[in-house]
Amino acid sequence: MKKRVFFLAIFFALSSCNTEDLQNESSKMEMSQKDPLTAKQINEGINQSIKTTGSFNWSKQSDHFLWSAVFQGNRMASIGFGESKNDFDRSKSSNNRAMESEILSIIKKYEGKDERGFLLATDKYLNQMDVIIEKEETITALRQMKTIRYLEPGDYHYFENENKLNTAARSSSSGSSGCGFSSTTLSTADYTSTTPSAKIPWAFTKHNIPDAWSYSTGAGVTIGLVDTGVSPEQTLLGNSFNTGASSGRTITKFGVYNSDGSADQCGHGTKMASVMTAPRNNAGLPVGVAYNANLIAYRAATNVVLDTSSEQTGVKTAFTELANNASVKIISMSMGHIFSVGKIEDGVKYAYSKGKLIFCAGGTSTSFTTFVGVIFPAWMPETQAITGVKEGTSNQKCDVCHSGSEIDFTFQMERASGNTVPVLSYYNGQADYVGGSSVATAATAGIAALVWAKNPSWTRDQVLNKMRQSATYYPTVNSSYGYGNINVLKAVQ
């Protein structure tokens, strides 16, 4: 469009022109300025913001930039509303229906459509809705409202677009999703054996977890896992969840992504469930940190990169449902994004307001996100950000792990040999290795379950303080690695 306008301008400059011609050309130039930015231009703007300021936020962008991203993202927009930035809980927001109605009336006015033509969903627990917006004028009008907490693209696929635009990223994209169904014969150097016939991962010993089992095994504590689900092919995370030295507990699985069930179709969630709660089994396979804890696993996304509307809504739903489950004390999520997503932020805040102790992965680099620090939502004050470090250290991050001032704890998950943490694999009777900040997060959530099971009357803050007091750098946090590695034996004594 811009090239066309340019060549037309040259033609008219060289020709005898009249007033009507000039008016027509002016109109065409105005139309070209209203064209949405391309996905390349939007991604470049996002990347530049992160590189220069360390973060990106839709609220700081122009109306045109925001509208362009909405337009390029299937015209979907996510709106958070309220009388203040913390007015996210419908049950505590007496004016939520009036605010919602006012917003819908503005959209109806500028879009020229009835609600049925643009309203996609309103959240049951949060002051949040998803809508279709076609016009930039609608964006401008909404952003002028005092009751708008955030207005963001609802389905802009940053990672998908970056992958298409970046040749190097495209060649390695299969490894950036966190998915995989492989199995590996474990090196005998990477585990020790325990009764009845389970393998203890080397990393557990580094944190004194086996010694801590004399005091606590996680019994009576329920962990919520927000991930890609749990494999139906792994009976140790199914019908054999109670086997060997693991007993009297439950595993429950839900699917809130695209209405296609709870079964893991990626492999990542299965491994996270394993490192947290795999039974102390008699099958010669790896055991989990809290092998007597209960597990409620949500399939909330297709992989670890929360790029689509369905995934972001799935994660929000998982957090709100776990928040409303009184039995859940701990939530672990080893997924994220490189910038904030309003509806997920609301879900995390909602869960935190219900007393949940939340652990999130600090970030594991893809080939095109090496410039990113701690990722969202791990950077939120309501979460505990976890990253992975190399064996025998508390301040040397793993080769692909992120670090930064938002990190709260570390977990040793990478050996000098490069091997990571042994866990159950997707299929029965098989094991594999898993690394990055993902496994560090899941393991730390399991540690929290051991501490809470030892002290069932404690609050979230008491559990968290005990974990801090038992870590490397307490009482002074490290600038990039928080409190460091947790001595789990000390944490449960």
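Buried means under 20% relative accessible area with a 1.4 Å probe and protein chains only, exposed means over 50%, and partly exposed is in between. This is a predicted model, where local features need pLDDT of at least 70, side-chain atom pairs count only at pLDDT 80 or more, and totals for chains, interfaces and linings use all residues. Residues are numbered from 1 along each chain as its sequence is written, and side-chain values use heavy atoms, with hydrogens and water left out.

**View A. Helix 12, residues 309-323.** Helices here are DSSP runs (H or I, at least four residues), strands are E runs of at least two, and both are numbered from the N terminus. Among the buried ones are S309, Q312, K316, F319 and A323.

**View B. The largest cavity.** A cavity is a set of points on a 1 Å grid over the protein atoms alone where a 1.4 Å probe fits but cannot get out, and lining residues have an atom within 4 Å of a point. The structure holds 1 cavity of 30 Å³ or more, and the largest has a volume of about 70 Å³. Q312 is on the lining list, along with others including W58, E152, D155, H337 and F339.

**View C. The second largest pocket.** A pocket is an open set of grid points with protein on both sides within 12 Å along at least five of seven lines. This one has a volume of about 370 Å³. Its lining runs to 17 residues, with N57, S59, R149, Y150 and E152 nearest the centre. Strand 4 gives the most, 5 residues, and helix 13 (342-353) supplies at least two.

**View D. The disulfide of C179 and C266.** A disulfide is a pair of cysteine sulfur atoms within 2.5 Å, and these two are 2.1 Å apart. The S-S torsion is about -105°, so the link is left-handed. It joins distant parts of the chain, 87 residues apart. C179 is partly exposed at 32% relative accessibility, whereas C266 is buried at 0%.

**View E. The disulfide of C398 and C401.** Here the sulfur atoms are 1.9 Å apart, and 90° about the S-S bond makes the link right-handed. C398 is buried at 1%, as is C401 at 3%. C360 is in no disulfide; the nearest cysteine sulfur, that of C401, is 15 Å away.

How values were computed:
Grid points are joined across faces, edges and corners, and a volume is the space filled by probe spheres set on the points. The expected span of a helix is 1.5 Å times one less than its number of residues.
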